[in-house]
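The stops below go strand by strand.

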Amino acid sequence: MESKLFTPFQLGPITLRNRMIRSAAFENMCKDNKATQQLEDYHVSVAHGGVAMTTVAYCAVDQSGVSFNGQLVVCEETKASLKKLTDAIHAEGAKAAIQLGHCGNMTHFYTCHCMPVSASNGFNLYSPTIHRKLKVDEIHTLVKRFGEAVDFCRECGFDCVEVHAGHAYLISQFISKRTNRRHDEYGGSFENRLRFLNEVLDEVMLHAGNDMAVVVKTNMWDDCWRGTTIEDGLQVARESLKHKVHGSVLSGGTVSASPMTILGGAMPIKTLAYYMPMKSFWWLKAGLHIGGRLVIPTVPFKELYFMEQAKIFQRELKKDLGDTTLIYVGGVQSGDNCQTIMDEGFELFQMAHVLIKDPDFVKHLAENAHYHAGCGRSNYCVGRMYTLDMKCHECVLRDNPEQIPAHIQREIEREEAAAKRSIEANRK
């Protein structure tokens with residue numbers, strides 16, 4: 001297949017074999033915040049399937065930034081297993097990336113082992129949890145943690161780090177006036193609210209040196225009340241790129257107030273509630289059954305659902321900063337989608353859903369330019385990943401059908417039918 005898709009690309013100090021990257025979608029495949037064989041097996045399967053780089057999702061730079069037991073945290077105990085993982089990815093010809101972040105108030109005491117922290121004091125309805133304002137010296141410590149985490153990732157064999165500055169995690173909690181009510185140098189004006197991001201990127205780039213690629217995931221907009229707007233998002237992206245990072249991942253939405261903006265489609269409420277253990281989450285299971293659709297509203301799914309906003313960013317950032325590497329993400333379903341991204345002038349793009357269902361997606365594209373992964377976008381993989389692991393329902397039905405009872409299968413069919421109608425309507 002003769003296509004720009006399959007040409008190499010220089011991302012800072014590393015050369016990618018093609019333009020396709022596995023995005024940092026949460027796998028929930030760690031145990032006690034340490035890497036497992038399952039995590040390695042999944043990323044190796046994606047690397048074997050042909051992506052240029054696969055991104056291990058969400059590694060907290062500090063224990064206070066962990067939101068799930070199944071996430072990674074920077075610690076010596078996990079270094080050997082991560083080195084084994086990166087060696088296996090490299091053996092398949094792909095590069096290995098890892099996402100660095102801090103969840104801020106999106107956690108609980110029993111997970112992060114302290115009172116959750118954020119830009120300001122408050123109560124996070126979506127966790128739900130009480131959280132406290134970070135002191136200035138604690139902010140400085142976390143900035144250093146990001147730099148130290150880059151050194152840790154290098155020692156583990158990673159080629160690239162992705163700084164997570166979006167989706168209502170800690171960095172974006174500082175950026176958004178919705179969650180930042182400080183009156184010191186880290187709050188108030190937009191310039192002050194960007195200070196934490198700027199200090200983190202200064203530290204990350206210092207430690208990255210000339211051998212680690214750095215990309216930053218930012219929100220184009222939050223899509224929620226008092227959240228960042230497109231204009232805010234443009235300024236965040238400008239600030240990020242001024243640090244000479246090697247790429248900017250253009251995302252949107254928040255994990256709290258607008259999660260389906262990030263994912264597209266509907267959250268399978270029954271699936272989400274079904275897999276939550278009653279002993280730990282009885283209150284949340286009950287709440288989902290009563291008002292799940294109000295808390296997690298549906299966003300009608302369409303292929304390449306961030307393209308309209310991403311093109312605005314592409315136009316404005318090129319005008320202000322010249323040639324920059326903008327990485328598209330959101331709603332990639334087929335070879336035709338991939339080619340559209342290339343035709344629109346984006347050099348790289350990320351994807352997750354199709355690689356959950358079909359790790360060999362890229363290989364199939366090499367054989368058939370119009371290949372479609374057949375992902376029905378029921379978001380079953382999302383509904384189960386917070387308490388089990390990230391897995392497509394088709395794989396579960398094949399290997400462990402007892403995990404999907406009849407009422408969950410009916411929900412999957414209903415959501416997939418809705419997504420299909422939405423896609424057809426958008427095409428018209």
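Select β10 and show its side chains: Cys-160, Glu-162 and His-164 lie on one side, Val-161 and Val-163 on the other, and all are buried, so that both faces are covered. Buried means under 20% relative accessible area, with exposed over 50% and partly exposed in between (1.4 Å probe, protein chains only). The strand spans residues 160-164, and five of its five residues are buried. Strands here are DSSP runs (E, at least two residues), numbered from the N terminus.

This is a predicted model, in which local features need pLDDT of at least 70 and side-chain atom pairs count only at pLDDT 80 or more, while totals for chains, interfaces and linings use all residues. Residues are numbered from 1 along each chain as its sequence is written, and side-chain values use heavy atoms, leaving out hydrogens and water.

Val-163 in β10 has Leu-100 opposite.

Now move to another sheet, an open one of three strands in the order β7-β9-β8, with mixed pairing. β7 (117-118) and β8 (122-124) are the edge strands; each has a single partner strand, so one side of each lacks a neighbour in the sheet. Select β9 (residues 129-133) with β8: the two are antiparallel, over three bridges. Within this pairing, Phe-123 has Ile-130 in β9 as its bridge partner.

How values were computed: Two strands pair if DSSP finds at least two bridges between them. Helices (H or I, at least four residues) and strands (E, at least two) are DSSP runs, numbered from the N terminus.
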